[in-house]
Amino acid sequence: MEQTWSIRLIRFSAIFGIIGTFIGSQMSGNMDYSLRPIHAHILLVGWLSVFAWGIFYKVYKIKYKRLVAIHSILGMLGAAGLTIGMWMYNLNPFNLNETFVMVFFIVGGSLLLLAFCLFVLITFFVEKQENK
């Protein structure tokens with residue numbers, strides 16, 4: 001279970017890495033840094049945090065396997081929801097209802113917060129590794 005979610009998280013984070021560096025390149029090339037907060041969150045939440053979770057699951061075995069799937073899904077939904085919500089909140093490119101955009105942003109951030117809290121709990125359910 002951990003190995004399956006590990007590679008899923010790493011692939012997901014790689015997509016965020018590409019998006020974040022692309023936005024950074026565009027900002028630099030255009031000398032327009034208005035997307036800095038979105039760029040930073042895409043790289044910190046979507047790339048770095050999700051990647052770290054993927055590596056954690058590659059290295060450790062977890063006693064309660066279902067928690068791995070729940071955490072991974074929450075983390076991916078939260079990272080995507082927070083960053084897309086932040087983008088929509090700051091730019092609103094589709095002229096969506098402001099309340100909808102705000103709720104989308106808040107729900108994404110809340111899911112991500114739950115993922116981080118669950119991850120803390122999961123670190124206490126690591127199976128003991130035998131020395132080889």
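Start by selecting Asn95, which at 69% relative accessibility counts as exposed (over 50% relative accessible area is exposed, under 20% buried and anything between partly exposed, with a 1.4 Å probe and protein chains only). This is a predicted model, in which local features need pLDDT of at least 70, side-chain atom pairs count only at pLDDT 80 or more, and totals for chains, interfaces and linings use all residues. Residues are numbered from 1 along each chain as its sequence is written, and side-chain values use heavy atoms, leaving out hydrogens and water.

Asn95 sits in the loop between H3 and H4; helices here are DSSP runs (H or I, at least four residues), numbered from the N terminus. Check its backbone: phi is positive, about 50°, although Asn95 is not a glycine. Most residues other than glycine have a negative phi.

Next, go to Met31, in the loop between H1 and H2. Met31 also is not a glycine, yet has a positive phi of about 55°. Its relative accessible area is 61%, so Met31 is exposed.

Now select helix H2, residues 36–59. Its end C-alpha atoms are 33 Å apart, which agrees with the 34 Å that 24 residues should span at 1.5 Å a residue (the expected span is 1.5 Å times one less than the number of residues). Color its buried residues, among them Ile42, Trp53 and Tyr57. Their cover includes H1, helix H3 (65–91) and helix H4 (98–122).

Finish at Ser6 in helix H1 (residues 2–30). Is Ser6 buried or exposed? Ser6 is buried, at 2% relative accessible area. Not counting residues up to four places away in sequence, Ser6 touches Gly54, Tyr57 and Lys58, where contact means heavy atoms within 4.5 Å.

Note on methods:
Helix = DSSP H or I, 4+ residues; strand = E, 2+ residues; numbered from the N terminus.
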